[in-house]
Every structure is written in C-alpha cells, then in structure tokens.
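Dear colleague,

Please find below the structure that I am handing over to you. A short account of the findings comes after it.

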Amino acid sequence: MATPSDGLRGVVVGESTICDVQPEGKLYYRGYPIEVVADHATFEEVVYLLWYQKLPNAAEYAAFQQQIAENANLPEGVLPILKSIPATANSMDALRTVVSALGMFDPDQGDNSPAANLRKALRLQARVVTAVAAIERHQQGLDPIAPRADLNLAANFLYMLWGKDPDPLHVETIDKDLILHADHELNASTFAARVTVATYADLYSGAVSGIGALSGPRHGGAAEDTMNMLNEIGELDKVDGWVRPKLTGEKRTPIAGFGHAVYRAPDPRSNTLREMSRRLGELHNDTKFYEMTVAIEKIVDELSNTPERLAAGKQAIYPNVDCFSATCYYQMKLSVRLFTPIFVMSRMAGWCAHMIEQYQPGQRIIRPRAEYVGTHDLPWVAIDQR
C-alpha cells in the first residue's frame, strides 16, 4: 500500500475546473484571478460563473437575479421547524437542521438530473441567506423578516437582520466577503460535500455534510477566533505584549487569523478585506480593531518570516482571509455567532458547483484506503472467560 499522507496533504483525488488554489498566493475562479473578480463582480455573478462555467450576459444576469428573488422565501413548512429550535442552540447546528428540512420541501426532491440539481442549487443559495438571518432573529426572540425582491443577496441579508435599508458600504463589504469565500478548492467542507454526493445522495445531503464539516472550529471558526482574540487583547497598546510572547517562547502558539494549509505566500483574498476593514472603521469613526489587526500582522511578519526561520524550512506566515473578515463583521455590529453561518452563505455557491461537477458521468464514488496499524490473528476468548 502507498505511504499514508497525514490529513491527505498533497494528495490529488481528482480533476476540477472550478477553482485553482496555488501555494504561491494565487487563486482563480474558473480561470479569473480572485483580485479581478473581487474588484468587478457581484456575488450573484460569481455564483453564476461557478455553476455555469461562464460569466452571465446582461439578460442572463437579470434572469438569474429574478430567479433568486423568486426562491428566497423559506417554505411555510420550514418556519415551524425553525421556530422549534431552541434559541440557545448553536447557530451552525440550527442552520444544519434548517437546510436539511429545506430538502424535504423541495419540489425536485428525488430528482438528481442536471437540470433539477441546478434548480435545487438556486433554491439552496437563495434560501440559505434567508435562513441565516431568520435564525439570528429567532435567537434574539424576534420574528423573521421576509426578503425583498429588489435587493441582492448581500443587501437582503442585512435587511432581513435589521428590517431597514442597510448602509451601502455594509452591502459592499458583505458582497465582497461572499465573493472571497465562495470557493477554495477541496477544503474539508467541500470535500465532505463531494464525498456525500459521490454516493448519489441528493444535493441537500451534500450541503448538510458541508455545514457539518465547516462547523468544526479547525475549519470554519477562524473569524470567530480572531475576533475573540482581539477582544481579549482589548487595546492597541496591548497588542505587542500579548502577541510577542506567543511567538518567541520555546513552543510557539498559533495566532488566530494567520497561516494557511495551502498558501506559502500572502492569501490573495486578504488585501480586499483589509481595505474594507479600514473603510468601515473610518465610516464608524473607530479604527481600533483595524489598527490592532495591522499591528498584529507586523509583529507576526517580524518574528515568523525571518531569513533564519525560512532557511530552516519553516513556513512563512501571513494573514488569511478570516483575519480581516472578523473586523469587518464586528464593525458592522454583526454578532460573533453569525461569522461562520455567513461563511456558509458564501461557500454554498462553491459546494453546489463541486457537487454538480461530482454528479457528472464518469465520476466514481470516493473510497480511499487506510493503512491498518493494529494487530492480527488475536485468539478468541469466550465471553464467560473474559
């Protein structure tokens, strides 16, 4: 048997045309550099690109937006299920339950044809945004707010949270954040979704698998961890005293929001959110958290990316996408418990693209092997002699 790979690191399990993550700090959606996409696209355009393998023209874009608007409301049968969830439940647990319920009310339930899966993907993408907002309001003891047909997904999300027209910069920030998190190749949640539908399970089962994987703090919790860290530090003048000892002791401690499993260069998504964090801070006349994050970044770079460490084969450490998304969310007064569900709103686009790709003819069930390291040929002992 082949030599096992720790955590499947470096193992290529298949081919895809959706997303290319390159260690040297490059990221492409269907061939388009992420920086170009973030500067010019809307999230709806990115969803269309990921699913249909091309950018929409004006007519296609308008029709796609209309389809999303027409499918954004939660089915009546799902609302009682949502309201029955304890208000104290973890937001990701609640979202996993609601998405599972959505599958039972989908008119294409049981149909795994390409056309049906695209229709299901559209309903999932439209309704997961509504679900996240409704769950948050339920946890606050408030009734859900119905989506508006005249708003895009980013604006609708903020409107459904607060019941008022959102600030344009807030909408721009959420839209860019959704774009940047939309896909990232075979991360844990995307791989989980593909493994599920490789058995020909339905799209909703794959989405629930993705949510389950993303709910783990080692995958989807980076933004929450980053914000908790910033709140623990408290003030800009305390950053150095908090961060430096963690990077200079005998056992270095990871810093939330820094480092990546693939990138060996700066995360190409981080610059966009760094700028949005700065602009949000200026909008609200409070740049403390932005300045704290920049200060942490400088200390991490100083102590981690030294010629000596790099020459010794140590990995360079840079901010990842969640480093500045945390401060963006927080400056918009979004609850920390919303951080990972917002990730789901975005990554649903990528999950659906990968699941649709996995359903294509010729794709096999994903069935790796394990290297058995236990014993063999143990003697059987009767139960009365054990």
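This is a predicted model: local features need pLDDT of at least 70, side-chain atom pairs count only at pLDDT 80 or more; totals for chains, interfaces and linings use all residues.

I begin with the cysteines. The structure contains zero disulfides. A disulfide calls for two cysteine sulfur atoms within 2.5 Å. For Cys-19, the closest cysteine sulfur belongs to Cys-352 and lies 15 Å away, so the two are too far apart for a bond. Cys-19 is also buried, because its relative accessibility is 9%. The sulfur of Cys-323 has its closest cysteine sulfur in Cys-328, at 10 Å, which is again too far for a bond. With a relative accessible area of 1%, Cys-323 is likewise buried.

I turn next to helix α7. This helix spans residues 153–162, and nine of its ten residues are buried, so it is largely enclosed by the rest of the structure. The buried residues are Leu-153, Ala-154, Ala-155, Asn-156, Phe-157, Leu-158, Tyr-159, Met-160 and Leu-161. Their packing partners are five other helices: α2 (43–52), α3 (58–70), α6 (114–139), α8 (168–180) and α17 (339–358).

Both ends of α7 deserve a remark. At its start, a side-chain oxygen of Asn-152 comes to within 3.3 Å of the backbone nitrogen of Ala-154. After the helix comes Gly-163, which has a positive phi, near 70 degrees.

With kind regards

Note on methods: Residues are numbered from 1 along each chain as its sequence is written. Side-chain values use heavy atoms; hydrogens and water are left out. Buried means under 20% relative accessible area, exposed over 50%, partly exposed in between (1.4 Å probe, protein chains only). Helices (H or I, at least four residues) and strands (E, at least two) are DSSP runs, numbered from the N terminus. Contact means heavy atoms within 4.5 Å. A polar contact is a pair of N or O atoms within 3.5 Å; within protein, one must be able to donate a hydrogen and the other to accept it, and residues adjacent in sequence count only if both atoms are side-chain atoms.
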